[in-house]
Amino acid sequence: MKRSPRNAPGLNLDSSRRSFLQKSALAGGLLLLSTRSRGVGAESAPAEPTNDTLKTIHRLRTIHGNFRDQSLPEAALQTILQASVRAACASNNQSYAIIVVKDRQMMKNLCGYQGGCLLLFCADYNRIKASAAALGYTYEPGTIVEFVNATINTTLAAQTAVIAAKSLGIDSLLTNGVHRGDMDRLWKLLELPPTHCFPVIALVLGYPTEEPAIRKGRLDGLGVVHHGKYHRLTPEETADLTRQYDDKSRHLALIEDWDAQGYKHYFDWYFKAWVGRNNQPGPEETQMLRLLKRSGFIELK
Ligand SMILES: Cc1cc2nc3c(=O)[nH]c(=O)nc-3n(C[C@H](O)[C@H](O)[C@H](O)COP(=O)(O)O)c2cc1C
């Protein structure tokens with residue numbers, strides 16, 4: 001039986017994002033590189049990918065849900081890891097830890113999903129701190145600056161793993177399911193160091209149980225790419241972006257049936273039903289802030 005990741009063990013979660021996404025995937029047809037009109041501010045039609053690297057990148061798409069119960073070949077996993085660590089990183093310090101998880105139940109407990117393998121990418125300075133301590137130095141990466149740098153390094157490594165996997169015919173799901181529910185479970189389940197180690201993103205790798213019917217679209221011009229200086233959108237341009245998201249052939253929306261749910265525009269669903277759910281600042285600090293403070297990454301004065 002398939003379960004929503006948000007109801008997985010260790011996750012006290014209520015939404016059914018995966019079913020949303022599965023419905024959306026079923027609703028459309030396969031979209032290859034679109035050459036249709038792209039709205040106000042449209043630039044030239046996208047070029048066809050002309051080499052294997054670009055073809056791999058343009059074939060990327062998320063598997064929203066679980067993967068087949070099939071392990072990754074060990075050689076492929078090693079290739080993915082070796083590619084992942086080739087990503088650029090500030091000061092070449094590799095301020096991350098990649099935890100390889102092969103146990104499917106553990107994957108589920110960590111992020112709500114399971115696949116052939118899970119890589120948990122953590123911002124982590126403990127290795128560097130140990131090197132410092134071994135030579136008698138004290139190194140305390142205790143500012144938000146170090147956290148941001150480590151998060152960038154970690155994310156670049158994760159995305160590089162995604163591309164490497166795809167080049168080997170292995171699909172992926174990047175998920176922040178690790179940030180849902182009681183996040184302390186990650187420290188407990190994986191014995192993460194209490195300080196200067198923070199789970200940033202989980203990458204589930206594997207072979208899909210079913211092929212997604214569509215490839216999601218992306219904005220690639222107005223409002224996203226700014227030439228020379230920042231361009232503030234005019235009301236007409238903003239209205240055009242709303243139209244672009246409403247245009248189902250563009251596959252920009254997270255779900256496809258927002259109109260069937262009674263919303264006039266996709267963004268009506270997005271702002272009322274989706275982002276409004278849990279992003280409102282409340283009287284209590286978020287668990288993320290509490291754990292970042294505990295991790296020593298926030299300057300506490
Ligand atoms: C930080 C982050 C968290 C995500 N979390 C989830 C998730 O929990 N569940 C899921 O199905 N997809 C998740 N995704 C995948 C996005 O939904 C997906 O990338 C997006 O809808 C675009 O689809 P595509 O990757 O197929 O082009 C996540 C992606 C990112 C970058």
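Helices (H or I, at least four residues) and strands (E, at least two) are taken as DSSP runs and numbered from the N terminus. The structure is a predicted model, in which local features need pLDDT of at least 70, side-chain atom pairs count only at pLDDT 80 or more, and totals for chains, interfaces and linings use all residues. Residues are numbered from 1 along each chain as its sequence is written.

On this assignment, the protein chain contains 10 helices and four strands, arranged along the sequence in the pattern α-α-α-β-α-β-α-α-β-α-β-α-α-α. Of its 301 residues, 31% count as buried (20 or more other C-beta atoms within 10 Å of the residue's own; exposed, 12 or fewer; partly exposed, in between; C-beta atoms placed from the backbone). Among contacts (C-beta atoms, placed from the backbone, within 7 Å) with a separation of 6 or more, 79% involve residues 24 or more positions apart.

In helix 3 (residues 74-84), the residues L77, I80 and S84 are buried. Viewed down the helix axis, the buried residues of helix 3 fall within an arc of 65 degrees and so line one face of the helix, the arc being that of the directions from the helix axis to the C-beta atoms. These buried residues pack against strand 1 (96-101), strand 2 (117-124) and helix 6. Exposed residues A75, Q78 and Q82 are carried on the face of helix 3 turned away from its buried side.

The axes of helix 3 and helix 6 (residues 144-167) come within 8 Å and cross at roughly 140 degrees. Axes are lines fitted to C-alpha atoms, for helices over the stretch in contact, with angles running from 0 to 180 degrees between N-to-C directions. The two helices are therefore oblique to each other (under 35 degrees, roughly parallel; over 145, roughly antiparallel; 65 to 115, roughly perpendicular; the rest, oblique). Helix 3 contributes T79, I80, A83 and S84 to the contact, and helix 6 contributes A157, T160, A161, A164 and A165. By class, the residues of this contact comprise six nonpolar, three polar and no charged (nonpolar: Ala, Val, Leu, Ile, Met, Phe, Trp, Tyr, Cys and Pro; charged: Asp, Glu, Lys and Arg; polar: the others, Gly among them).

R232 lies in the loop between strand 4 (197-206) and helix 8 (235-246). Because R232 has 9 C-beta neighbours inside 10 Å, R232 counts as exposed. The C-alpha atoms of R232 and L222 are 9.8 Å apart in space, with the two residues 10 residues apart in sequence.

Conventions. Contact = placed C-beta atoms within 7 Å.
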